[in-house]
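Here's a quick briefing to read alongside the sequence and model.

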Protein chains: 2
Amino acid sequence: MDERDEDRTGAADDLFQRTADLARWLVERDRLSPVTPPPSPEQLRAELDLSLPAEPRQEGEWFDALREVVERTPSTSSHRFYNQLFAGRIPAATVAEALTALLNSSMYTYKAAGVHTLIERRVIARLCELVGYRSGGGTFAPGGSMANLVALIVARNEAFPRVRDEGGAAAAGAVVYVSDQGHYSIRKNAGMLGIGRANVRAVRSDHEGRMIPSALSEAIAADREAGRTPLCVVATAGTTVMGAFDPIDEIATLCERERIWLHVDAAFGGSFLLHPELRQRLRGVERSNSVAWCAHKMMGVPMPCSAILVRYAERSSSGSGASPGGEDPNLLRRHFNEAADYLFQQDEADLNLGHESLQCGRRNDAFKLWAAWQALGDRGWRERLERQRHLALTAVARIEREPALELLHRPESLCVCFTVSGVASDELCAELSRRGLESVGYGLVRGAKAVRLVTSNPEVTEGEIERFFDDLLAVADDLRRRGGAAAATTESVAATRE
Amino acid sequence: MDERDEDRTGAADDLFQRTADLARWLVERDRLSPVTPPPSPEQLRAELDLSLPAEPRQEGEWFDALREVVERTPSTSSHRFYNQLFAGRIPAATVAEALTALLNSSMYTYKAAGVHTLIERRVIARLCELVGYRSGGGTFAPGGSMANLVALIVARNEAFPRVRDEGGAAAAGAVVYVSDQGHYSIRKNAGMLGIGRANVRAVRSDHEGRMIPSALSEAIAADREAGRTPLCVVATAGTTVMGAFDPIDEIATLCERERIWLHVDAAFGGSFLLHPELRQRLRGVERSNSVAWCAHKMMGVPMPCSAILVRYAERSSSGSGASPGGEDPNLLRRHFNEAADYLFQQDEADLNLGHESLQCGRRNDAFKLWAAWQALGDRGWRERLERQRHLALTAVARIEREPALELLHRPESLCVCFTVSGVASDELCAELSRRGLESVGYGLVRGAKAVRLVTSNPEVTEGEIERFFDDLLAVADDLRRRGGAAAATTESVAATRE
């Protein structure tokens, strides 16, 4: 090792030490401190130099710049963060994600990814098993919306075999169904894929936010009547606002009868499959054709970690999995494979995952889930879900005790929606955030704004849930008083005008 | 702090320390050691327990499992890795990526992402400035293929305003043009978007791999003649195999005259815009409508780091940027925006980046590039490109000196394609990899397989480039001898048969 090498090693030592120290500080802050009130963009611009310099900066200098950004980043792991469907972190998953950055593997070929290919295959196989697919496969997509995109492409291409080569005219009249509580990515994706947003039907849901099968059946009949072709039904397992589960089994019966692709958007609720009782909410999921499942939501691994699972035709007893036309039984490979000689070079054809994925270059999103699984095991996932569910029920109990609060549904998963008497939910959420007390959002429940509390972080204590409501009620009181004052002002203005 | 808290902090300390130690070991190994020969899948399955356990494992135990995976991962940062368009790593970028995992921010709203929103905006603005867009914007997409996808969606929707709502029949007859050297994602994306793969024209390229403008012009005329609608021309800046640059300026003139969207796939070559002379290869890029640019290739930041930049209509002197129909001048927002009340809640509408992106939840891919820029500055990027280019020219000089080697083109960027007399390029690459000597791939040049050396890692020394060729020539000699023996065997078999 020459002198320059020693210098370099010393610098790397120091750099990793600093990073470890910063990470430790961050984890401590997230655990102990309240939500950092998000500074205004103007404030950030005044406090930080975010410019891209012309000249290099020394390590100490750029590291400080990174530290300043880290310190000002809104915390999604604080015990006061209930704002998104994800929250908190699992150390093993976070460490694996940091190592993924260092390894910088690309998943397209076995030559480049090696062992990571086997890890992805293993994780996908386990998820397929949990869904109940006897034969199936899958890949990781960069987020739940993209997982839904992959499903919609496969569904479309299977129903309209000429569309991939000839274009959207070959799929004219195709219609997609999703409940009025479904995720906006279905509509967005339909627009991107040439299906057309106007050809996505928002099927009515019931009081608890679940798709009404008879409404779906009517919508399909009406489209058939009009000469259109029902392409895909998207059932949602864990809707975004109410966390509701569509009745998959009933919908599957309908789809089988009508020969329509059934995709289950289980981006949020898929994780319930890890729990022997909670998985009943997804009864019938094994009859679906595809499932989107985000482990970065309930399962606490860094974002994104979104699997798209596809059921393949089961092999016949002759052992051949090929369809009559001799087509590839691997539906992802059938619809995503492209020739690229410069890339796919070695014999491990079945392990060159690029043949089956949306992307070309792709980081390993399975490694962090695999790592979390090592640390938690099936049992850990089960206990985690019980804990998350317990926190949701703790919130429900508190809401039912408080006269000022009204619970809007019987929560099926981790979303608890309620209103506060005399206070607008959006104003309440904004004020809680402004004061840096609790981070929570609102959603529309049956057309009205409701506070949506999501108990995704199992590290949160019962006491912290109670504190959330104490904070919320105190701020609501303030707003009501101020609102009264504002109302008085308005009245006096009105009086002046009269 | 109670006792449990102290325990926890101690565990976190230890975990971060272990991770830092493993990272340090990995960086050292990548720097000093040769390419790890990729073990066979069977070997890996025999050596490693990759199963997902039913019961939790202790921290020491799962950390060891992670370590074993890390140790067996093919190195993309070794000084013997020339196999992909990316190689090596920039410490500041790697550290930022690890911090991104810890922060776990999602980019959709200012409320959730805060300062990261400003960082992405700042990076995008600088990239637009480098391209030369007077008015424009952009977003990060999960990889170059997806950046091209975004461009194709915007181009399609601008040309066929009804397609997003009504579906692909409203874009019937649309045609896309890309050179026969362009990336396979164009064809793949056209298949996904309902344009149709058969409607992608592979325009002829010249001896050096550059699109021939007259061939493009003829292809467009033929399609117009047949009643089709040319939708988009994709010019490639840095082709995948030869690293060639299409003549953007000439193509832009054609596109302006024909009123066709010009997208520049600069996934690989965009980084040349950071260098005052090399940027001439992209002359005319400011006349394009969109540019895809991957900073995870030449710029050494962890994958993915792919920007898609879109030129917007310049504001008129009246100050209004809206188009006559009152449409949003921000083309990404115009074509990707969807209503989602539960998500987009605060007033920072212009800073809620989810309105402009392909994905919903999205990690910050701009932070690592921003961090690298802090460490390198404009000057560092310039010097890096000079160094990478110097290594490519070092390789060219060696090839020209060696009678056994034939250079197939005048390399315009970092790809150097050549053949070895008497040895098949694919066999040679496979054997180099099998022996764990050098990791390099092959590509098709004018229909024949050629070794493709990519000098993306500027940390590589001239001596290491020379060693690459020493290894290659020695292995080629061995193969020729063995091939001779094999040929002799074949001859004797033939003789026996006669």
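A cavity here is a set of points, on a 1 Å grid over the protein atoms alone, where a 1.4 Å probe fits but cannot get out; its lining residues have an atom within 4 Å of a point. Grid points are joined across faces, edges and corners, and a volume is the space filled by probe spheres set on the points. By that count, the structure holds 10 cavities of 30 Å³ or more.

This is a predicted model, where local features need pLDDT of at least 70, side-chain atom pairs count only at pLDDT 80 or more, and totals for chains, interfaces and linings use all residues. Residues are numbered from 1 along each chain as its sequence is written, chains are lettered from A and ligands numbered from 1 in the order in which they are written, and side-chain values use heavy atoms, with hydrogens and water left out.

**The largest cavity**
- Its volume is about 400 Å³.
- Of the 32 lining residues, A:C360, B:L85, B:H183, B:T240 and B:K297 lie nearest the centre.
- The lining splits into 9 nonpolar, 19 polar and 4 charged residues, counting Ala, Val, Leu, Ile, Met, Phe, Trp, Tyr, Cys and Pro as nonpolar, Asp, Glu, Lys and Arg as charged, and the others, Gly among them, as polar.

**The second largest cavity**
- This one comes in at about 310 Å³.
- It has 26 lining residues, with A:L85, A:H183, A:K297, B:C360 and B:G361 nearest its centre.
- Helix α7 (residues 144-159) of chain A supplies the largest share of that lining, 3 residues.

**Helices in chain B**
- Helices are DSSP runs (H or I, at least four residues), numbered from the N terminus.
- α7(B) gives the most to the lining of the largest cavity, with 3 residues.
- In α7(B), 14 of the 16 residues are buried, meaning under 20% relative accessible area with a 1.4 Å probe, protein chains only.
- Helix α9 (residues 185-192) of chain B has 7 of its 8 residues buried, so it is largely enclosed by the rest of the structure.
- Just after α9(B), B:G194 takes a positive phi of about 80 degrees.

**Loop residue B:N364**
- B:N364 sits in the loop between α12 (331-336) and α13 (366-401) of chain B, and is buried at a relative accessible area of 2%.
- Its side chain reaches the backbone nitrogen of B:A366 at 2.7 Å and that of B:F367 at 3.2 Å.
- Leaving aside neighbours within four places in sequence, B:N364 is in contact (heavy atoms within 4.5 Å) with B:T100, B:M107, B:H116 and B:E120.

Note on methods: Helix = DSSP H or I, 4+ residues; strand = E, 2+ residues; numbered from the N terminus. Buried < 20%, exposed > 50% of the residue type's maximum accessible area, 1.4 Å probe, protein only. Polar contact = N/O pair within 3.5 Å; in protein donor to acceptor, adjacent residues only side chain to side chain. 1 Å grid on protein atoms, 1.4 Å probe; cavity = no way out; pocket = protein on both sides within 12 Å on 5 of 7 lines; lining within 4 Å.
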